[in-house]
Amino acid sequence: MSPKESRKEKSSSAFTIRPFRKTDIDFVIGGQLTLYATEYGFTSQVWNDYLTGGVQEFLRQFDSARDCMYIAERDNTPCGCIAITHTEDRIAQLRFYFMERDCRGRGAGRRLMDRAIGFCRGANYKRVFLWTFSTLDAARHLYAGRGFRITDTHINNEWGEPILEEKWELEL
């Protein structure tokens, strides 16, 4: 193992990945609202309602055979999240994926992504999709590296500044 790989493994191993608990929901909602307000200027009530409603709907519809949410922790403190939710027969949506700024670039986001894709394969989904923004370069790089491809785009004017939304899909 090269020194670079060794450093990467050490930084990644400082994180744990675990299934969500209902007590994590405030972290999931609050973490994303703070991140998107601070980094992207998303402060509209429409954005707040979209995100909060999406997480609440995830909880109402949760089926452990078809849905999952994983939390990344560092020093027993949540610092990232990813979720898979069922949409149609054998089609899943990746949602609520984020890492707090001071935990990025250390491998935990890749581990969350791999765990979520592994869940999809284990649940026999044939495809997983996600919606993201063209400005999320690191996340887009990770999606492309896992085989996701852009299948749709449109401009969204509802959350503050106009932003290009992208739909990415992965055939499993």
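**A tour of the sheet and its cysteines**

Select Cys79: at 2% relative accessibility, Cys79 counts as buried, because the cut-off for buried is under 20%. Keep in mind that this is a predicted model.

**Stop 1: the cysteines**

Stay on Cys79 and show the sulfur atoms. How many disulfides are there? The count comes to 0. Cys79 is in no disulfide, and its nearest cysteine sulfur, that of Cys103, is 3.6 Å away.

Now pick Cys81. Its closest cysteine sulfur is in Cys68, 9.5 Å away, which is too far for a bond. Is Cys81 buried or exposed? Cys81 is buried, with a relative accessible area of 0%.

**Stop 2: strands 2, 3 and 4**

Look across from Cys81. Ile71 stands opposite Cys81 in strand 3. Select strand 2 (68–74) and strand 3 (77–88). These two pair in the antiparallel sense over 7 bridges. They form a hairpin with 2 residues between them. In that turn, click Asp75, where phi is positive at about 55°.

Move on to strand 4 (91–99). Strand 3 and strand 4 also pair in the antiparallel sense, over 7 bridges. Find His86, which stands opposite Ala92 in strand 4. This hairpin has 2 residues between the strands, and Arg90 takes a positive phi near 65°.

**Stop 3**

Zoom out. In what order do the 7 strands run? They form an open sheet in the order 1-2-3-4-5-7-6, with mixed pairing. Strand 1 (15–19) and strand 6 are the edge strands, and each pairs on one side only. From one strand to the next, the twist averages 20°.

Next, select strand 5 (residues 127–133) and strand 7 (residues 163–171). They pair in the antiparallel sense over 7 bridges. Arg127 stands opposite Glu171 in strand 7.

**Stop 4: the helix across the sheet**

Select helix 4 (residues 108–122). Helix 4 lies across strands 1, 2, 3, 4, 5 and 7. Relative to strand 4, helix 4 runs at about 165°.

**Stop 5: Asn156**

Finish on strand 6 (residues 149–156), where Asn156 lies. Asn156 is buried, with a relative accessible area of 6%. Show its side chain together with that of Glu165: a polar contact of 3.0 Å joins them. Leaving out residues up to four places away in sequence, Asn156 touches Glu161, Pro162, Ile163 and Glu165.

Definitions and conventions: Residues numbered from 1 in each chain as written. Predicted model: local features only at pLDDT ≥ 70, side-chain atom pairs only at ≥ 80, totals over all residues. Heavy atoms only, no water. Helix = DSSP H or I, 4+ residues; strand = E, 2+ residues; numbered from the N terminus. Buried < 20%, exposed > 50% of the residue type's maximum accessible area, 1.4 Å probe, protein only. Polar contact = N/O pair within 3.5 Å; in protein donor to acceptor, adjacent residues only side chain to side chain. Contact = heavy atoms within 4.5 Å. Pairing = 2+ DSSP bridges. Axes fitted to C-alpha atoms, helices over the stretch in contact; angles between N-to-C directions. Disulfide = S-S within 2.5 Å.
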